[in-house]
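Trainee: Could we look at charged side chains today? I would like to see how they pair.

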Amino acid sequence: MKLSVGLKVANSLSLTPQLQQAIRLLQLSSLELEQEIQIQLDSNPLLEKIEEESTAESLSHAENQESTDLTQNLNADHLPDDLPVDTDWDDIYTHQSTALASPEYEEREDNRQAEHTLKEHILEQVNLLHFSTIDRLIAYCIVDCLDEKGFLDAEIDEVIEAAQHLLSEAGISEEIEADEVVVVLKHIQRLDPVGVGAKNLAECLKIQLDVLDPNTPLRNEGLCLLKYYELLVSNDLNKLLKYTGLSMVQVKAVIEFLKTLKPYPGLSFESQESDYQIPDVVVCKKDQSWQVQLNPDIMPKLRINSFYSNMIRRADQSDDNIYLRNQMLEAKNFIKSIDERHKTLLKVAMCIVQHQRSFFEIGPEGMKPLVLRDVAEEVELHESTVSRVTTNKYMLTPRGLFELKYFFSSHVGTTSGGECSSTAIRARIKKMVAAENPRKPLSDNAIANLLKDEGIDVARRTVAKYRESLHIASSSERKVLI
């Protein structure tokens with residue numbers, strides 16, 4: 001085999017650093033983009049953020065006015081008694097007449113109170129009880145086994161094992177019996193909130209009824225009904241009336257009374273913090289047409305720092321000059337990538353709004369079938385680019401805040417040969433279930449037949465899949481006999 005040197009021409013695709021940066025910025029959310037911009041601002045001196053100039057101009061104007069007034073006063077023939085100064089006595093020293101006056105920094109104290117969790121709230125009450133050391137240790141183990149609803153998520157044997165392990169580590173050789181754990185658990189179940197530490201919903205409601213006054217109306221009937229809680233859940237009305245000896249009217253009244261109790265005592269201690277999403281695109285209707293614009297609050301305003309850019313010399317090859325030149329190139333590429341990201345996002349959002357115009361007019365029932373390929377072909381982008389630009393991006397509409405991925409859905413064929421979006425079918429199923437008779441709920445087969453009458457050819461198993469995705473129970477579970 002003979003070796004030789006030759007020339008060969010071939011096409012190849014390579015991802016430049018600028019292209020890699022543009023692709024990475026496309027898939028960032030608004031919060032992640034803000035963090036990325038801050039990182040670039042901290043690392044690149046040639047890149048700066050455009051601030052509001054109104055505040056700076058007003059401050060400079062005020063400073064010039066003060067300096068002018070001071071110069072005029074100093075050049076006057078008769079000096080005033082009080083010359084203007086740049087500080088005030090009260091800015092440095094605060095006057096406090098007596099020791100009874102309020103402290104100087106009282107208003108600066110942080111008086112906010114941290115929210116107590118359920119376990120902390122119960123332990124505070126346990127410490128006030130006259131428990132022995134072992135009983136308090138058992139109480140700590142019980143509280144540690146509470147779930148977010150306030151129920152006991154452990155068996156008595158598991159609590160004994162945990163408490164016994166802590167005693168052995170402390171060097172205390174004493175056996176814990178199940179009766180001791182049950183007694184401590186009874187005390188905890190009657191703390192605030194009442195019913196915490198119960199095993200299930202029926203026991204929680206029973207504990208709340210036990211602590212009520214014996215003369216409370218419907219209390220005894222409620223205890224009787226909870227004995228047959230399984231029949232109540234399974235809607236076995238005939239056996240429920242037979243075993244309890246209550247009439248239909250009494251059962252209805254007792255159920256309404258039980259609804260006034262707390263089914264899950266621990267839910268009131270859950271953190272109420274909400275995860276707010278910032279919209280990237282805003283859609284509004286003006287002059288009978290839907291208009292799309294980027295959210296101006298999250299659009300970064302960047303520019304090249306003029307001070308450092310003027311220091312760059314064309315023929316200078318020093319290290320400092322080369323550094324500034326490279327930083328300027330990176331800053332320009334970053335600003336260009338940000339601009340391309342916004343243009344691509346706006347282009348894709350406008351295409352989505354154009355396809356889903358009926359959704360904005362009538363709601364989810366008007367959703368049209370749409371896939372990434374349709375948008376990619378229309379905006380002349382690759383399908384993967386459309387997928388990146390719609391990930392973790394949100395659109396604010398008159399009907400609420402939606403992720404851009406929400407407007408893409410599969411389709412189901414219709415009897416007329418057309419297509420119907422799966423989101424629209426889910427909306428129809430939800431509307432049918434909301435309008436059904438609670439005593440005779442619609443089965444999956446009945447819903448499928450109703451949809452077929454409307455021209456939507458969908459199988460029963462597909463209806464069941466859509467129903468489960470909407471967290472709607474089956475017809476037997478939705479049936480209400482009382």
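Mentor: We shall go through some salt bridges of this predicted model.

Trainee: How many salt bridges does the count come to?

Mentor: The count comes to 13 salt bridges. As background, side chains of opposite charge can pair when their charged atoms come close.

Trainee: Which side chain does Lys259 meet in a salt bridge?

Mentor: Lys259 meets the side chain of Glu256, with 3.6 Å from N to O.

Trainee: Is Lys259 buried or exposed?

Mentor: Lys259 counts as exposed because its relative accessibility is 58%, and the cut-off for exposed is over 50%. Glu256 has 48% relative accessibility, so it counts as partly exposed.

Trainee: Next topic: where do Lys343 and Asp339 lie?

Mentor: Both are in helix α15, which covers residues 319–355. They are four residues apart, so about one helical turn separates them. Lys343 is partly exposed at 48% relative accessible area, and Asp339 is partly exposed at 36%.

Trainee: And what about Glu436, which residue is its partner?

Mentor: Its side chain meets that of Arg478 in a salt bridge of 2.8 Å, N to O. This pair links distant parts of the chain, 42 residues apart. Glu436 is in the loop between α19 (422–434) and α20 (444–453), while Arg478 is in helix α22 (residues 475–478).

Trainee: Are those two buried or exposed?

Mentor: Glu436 and Arg478 are both buried.

Trainee: Which residues do salt bridges with shared partners join into one network?

Mentor: Glu365, Arg428, Lys431 and Glu454 are joined in that way.

Terms used:
Residues are numbered from 1 along each chain as its sequence is written. This is a predicted model: local features need pLDDT of at least 70, side-chain atom pairs count only at pLDDT 80 or more; totals for chains, interfaces and linings use all residues. Side-chain values use heavy atoms; hydrogens and water are left out. A salt bridge is a side-chain nitrogen of Lys or Arg within 4 Å of a carboxyl oxygen of Asp or Glu. Buried means under 20% relative accessible area, exposed over 50%, partly exposed in between (1.4 Å probe, protein chains only). Helices (H or I, at least four residues) and strands (E, at least two) are DSSP runs, numbered from the N terminus.
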